Amino acid sequence: MDRFLSPSETARRFGVTTKALRLYERHGLIAPVRSASGWRTYGPDQVARLVQILALKRLGLPLARIAELLAGRNDLDAVLALQEEALTRDSQKLSRALSLVRDARARLAAGAVLSIDDLANLAKETKMDSPLTGAQIKALLAPYTEKHLSGPQQTILERVRKARAPVVTAMERLYDEAAALIASGNGPDSAPGLDLARRWRELASEFAAGVNGLQDIALRVQDAWAEAMTDPQVAPKLAKRQQVQNFIRDAWMHLRILEASFPGH
């Protein structure tokens with residue numbers, strides 16, 4: 001590739017939106033080249049950086065973490081190596097499961113009976129990963145929340161969570177809804193994504209209403225998450241949850257941009 005693309009052509013070719021390109025630019029992840037007339041364009045270096053960003057986003061990393069990984073570098077091969085490792089791990093698991101299912105069907109078609117051990121192994125190897133529960137996520141984050149939050153802050157957060165349990169439950173339902181939107185190919189700037197962001201904002205306001213110091217606690221929780229995502233043992237377990245959180249955050253940001261550009265929208 002030796003020519004420069006417009007934002008719309010770049011977005012079309014790489015399956016993103018022009019709003020997403022602007023978002024990456026605001027986060028300092030990508031720097032389009034200005035044409036002589038001042039228009040944004042994307043050449044070979046910018047496209048290589050965009051591929052890196054998209055590869056890391058698919059691994060569930062937040063934009064802040066992606067910025068850290070890419071700071072001052074343009075090492076596309078290193079980023080693709082991370083993606084290759086994750087895809088290889090998933091593909092090997094799926095290939096093994098598919099082979100077991102096909103073998104079991106062939107044996108049944110030949111009149112064989114599957115033993116209890118066969119069925120148990122089949123159930124174990126073909127089990128799809130289920131979403132983590134709130135308790136599981138809390139347990140994984142515990143070492144990091146204890147590090148970043150003081151005892152009183154942890155007490156406040158736990159008390160608010162219990163007092164506003166219905167709100168927490170409703171927010172968990174939105175997490176599930178966001179995961180379904182991701183699976184169906186809807187972006188954070190899609191109509192369903194923006195609608196979800198509006199409802200999330202209402203719930204977040206209800207959760208935080210009247211609680212002093214909760215904003216600082218939320219920032220410290222984000223720090224705990226960020227550190228947990230650097231742990232190679234913990235990060236893969238939280239990757240899907242992180243991907244959903246990124247979707248909600250990006251949708252919220254797109255909503256704010258939309259409302260700022262078109263007041264009363």
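Biologist: How many aromatic pairs does the count come to by this rule?

Modeller: This is a predicted model, in which local features need pLDDT of at least 70 and side-chain atom pairs count only at pLDDT 80 or more, whereas totals for chains, interfaces and linings use all residues. Residues are numbered from 1 along each chain as its sequence is written, and side-chain values use heavy atoms, with hydrogens and water left out. A pair of aromatic rings is described by the distance of the centres and the angle of the planes. Rings of Phe, Tyr and Trp (its six-membered ring) pair if their centres lie within 6.5 Å; planes under 30 degrees apart are stacked, over 60 edge-to-face, and the rest tilted. The count here is one aromatic pair.

Biologist: Is tyrosine 175 buried or exposed?

Modeller: Buried means under 20% relative accessible area, exposed over 50%, and partly exposed in between (1.4 Å probe, protein chains only). Tyrosine 175 is buried at 13%, and tryptophan 200 is buried at 10%.

Biologist: Which residue lies over the face of tyrosine 175?

Modeller: A charge sits over a ring if NZ of Lys or CZ of Arg is within 6 Å of the ring centre and within 35 degrees of the ring normal. Arginine 241 lies over this face, at 3.7 Å from the ring centre of tyrosine 175.

Biologist: Which residues touch the most other members of the largest nonpolar core?

Modeller: Such a core joins buried Ala, Val, Leu, Ile, Met, Phe, Trp, Tyr and Cys residues through side-chain atoms within 4.5 Å. Among its 33 residues, they are Leu157, Trp200, Trp225, Leu238 and Ile248.
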